[in-house]
Amino acid sequence: MMPPVFRFAPSPNGHLHLGHALSALLNAGMAKAAGGRLLLRIEDIDATRCRPEFEAAIYEDLAWLGLAWEEPVRRQSEHFADYQAALDRLKAMGLVYPSFESRAEIAALAVGRDPDGAPLYPGTAKRLSAEERAARIASGVPYSLRLDIAAALARVPRLDWQETGAGPGGEAGTVAADPAAWGDVILARKDVPTSYHLAVVADDAAQCVTDVVRGRDLFHATAVHRLLQALLGLPAPRYHHHRLLLDADGRKLSKSTQATGLRELRAQGLTPREVRRLAGLD
């Protein structure tokens, strides 16, 4: 039997904070307890925000925490061809269409909110003819490529996933997936060849990840990932969504929260053991 495979997958768009430390340490601890492997993935598809100095800082901060990972590190920016291949397969199934509305126009057209609170796109562009779509794209109009969620769900049976952590409502065990709650999600844009949703399922399959350990803020997004896995014939990992660390105002920590940045904590003289304690791991 192959050992379980875990991964920590930060984005180099800022310095790591205490919440990242929690996730990285949980992945490392669970991999060690299971006799498994720990991978590091750099999720750098956003070329406008991701910077080499932040990637270098990720390696430095994780090494300071005492973590080790397998080489080579997978960098998403080196695998756009993989995501394009997955997108092409979905296109061949007739499940992808372009939409051209701005964010303001989508907000005005919205038919509700997705689990993250963003306006739900009503699928207006699906009514455009193939000729109209081609003409708009040829004219240089910005567009997004969306998954036709109704057509996609018609192709797959009931979806669920195995949860070893807990969702916002304390869910664990077998969790029913509800991709429809997200509407026609974006899979790529004119200027960005993939979305987080598409890239993450392609990466997890390519790296043979068996256990996805990540924050509870991504619990509901797992429904979209399970749908894409089913459509593309990819294996479904186990999922473990862990608690989030919050700031004084009760909000999830962000990379702009200087007080909890790992570099700032290190500069204050804290040790890795003290960081573990701050993250609630000791």
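This is a predicted model: local features need pLDDT of at least 70, side-chain atom pairs count only at pLDDT 80 or more; totals for chains, interfaces and linings use all residues.
The protein chain contains 10 helices and 10 strands. Its radius of gyration is 20 Å, close to the 19 Å that the globule rule gives for 282 residues, so the chain is as compact as a globular protein of that length. Along the principal axes, the C-alpha atoms fill a box of roughly 60 × 40 × 35 Å. Of the 282 residues, 45% are buried. The accessible surface of the protein chain is about 13500 Å². Carbon and sulfur atoms account for 54% of that surface. Contacts were also sorted by sequence separation. Among those between residues at least 6 apart, 76% join residues at least 24 apart.

Helix 8 spans residues 222-232, and helix 3 spans residues 80-92. The axes of the two helices come within 10 Å and cross at roughly 75°. This angle falls in the range of 65 to 115 degrees, so helix 3 counts as roughly perpendicular to helix 8. On the helix 3 side, the contact is made by Ala86, Arg89 and Leu90. On the helix 8 side, Leu228, Leu231 and Leu232 take part. By class, the contact comprises five nonpolar residues, one charged residue and no polar ones.

Helix 8 is mostly covered, with 10 of its 11 residues buried. Gly233 follows helix 8 and has a positive phi, near 70°.

Two loop residues are buried. Pro12 lies in the loop between strand 1 (5-8) and helix 1 (18-33). Its relative accessible area is 1%. This value is under the 20% cut-off, so Pro12 counts as buried. Leaving aside neighbours within four places in sequence, Pro12 is in contact with Ile42, Glu43 and Asp44, among others. Further contacts of Pro12 include Arg49, Cys50, Arg51, Phe54, Glu55 and Ile58. Asp44 is 32 residues from Pro12 along the chain, yet their C-alpha atoms are separated by 6.3 Å.

Asp148 lies in the loop between strand 5 (144-147) and helix 6 (149-153). Its relative accessibility is 13%. That is also under 20%, so Asp148 counts as buried. Not counting residues up to four places away in sequence, Asp148 touches Leu95, Tyr97, Lys126 and Asp184.

Backbone geometry was examined next. Most residues other than glycine have a negative phi, and most peptide bonds are trans. The peptide bond from Glu71 to Pro72 is cis, with omega near 0°. Pro72 lies in the loop between helix 2 (52-64) and strand 3 (74-75). Cys208 is not a glycine, but its phi is positive, at about 55°. Cys208 lies in the loop between helix 7 (196-206) and strand 9 (211-215). Its relative accessibility is 51%. The value is over the 50% cut-off, so Cys208 counts as exposed. Pro12, by contrast, is buried, as is Asp148.

Terms used:
Residues are numbered from 1 along each chain as its sequence is written. Side-chain values use heavy atoms; hydrogens and water are left out. Axes are lines fitted to C-alpha atoms, for helices over the stretch in contact, and angles run from 0 to 180 degrees between N-to-C directions. Helices (H or I, at least four residues) and strands (E, at least two) are DSSP runs, numbered from the N terminus. Angles under 35 degrees count as roughly parallel, over 145 as roughly antiparallel, 65 to 115 as roughly perpendicular and the rest as oblique. Contact means heavy atoms within 4.5 Å. Ala, Val, Leu, Ile, Met, Phe, Trp, Tyr, Cys and Pro count as nonpolar, Asp, Glu, Lys and Arg as charged, and the others, Gly among them, as polar. The radius of gyration is taken over C-alpha atoms; the globule rule is 2.2 Å times the number of residues to the power 0.38. Buried means under 20% relative accessible area, exposed over 50%, partly exposed in between (1.4 Å probe, protein chains only). Accessible areas come from the Shrake-Rupley method with a 1.4 Å probe; for residues, only the protein chains shown count as cover.
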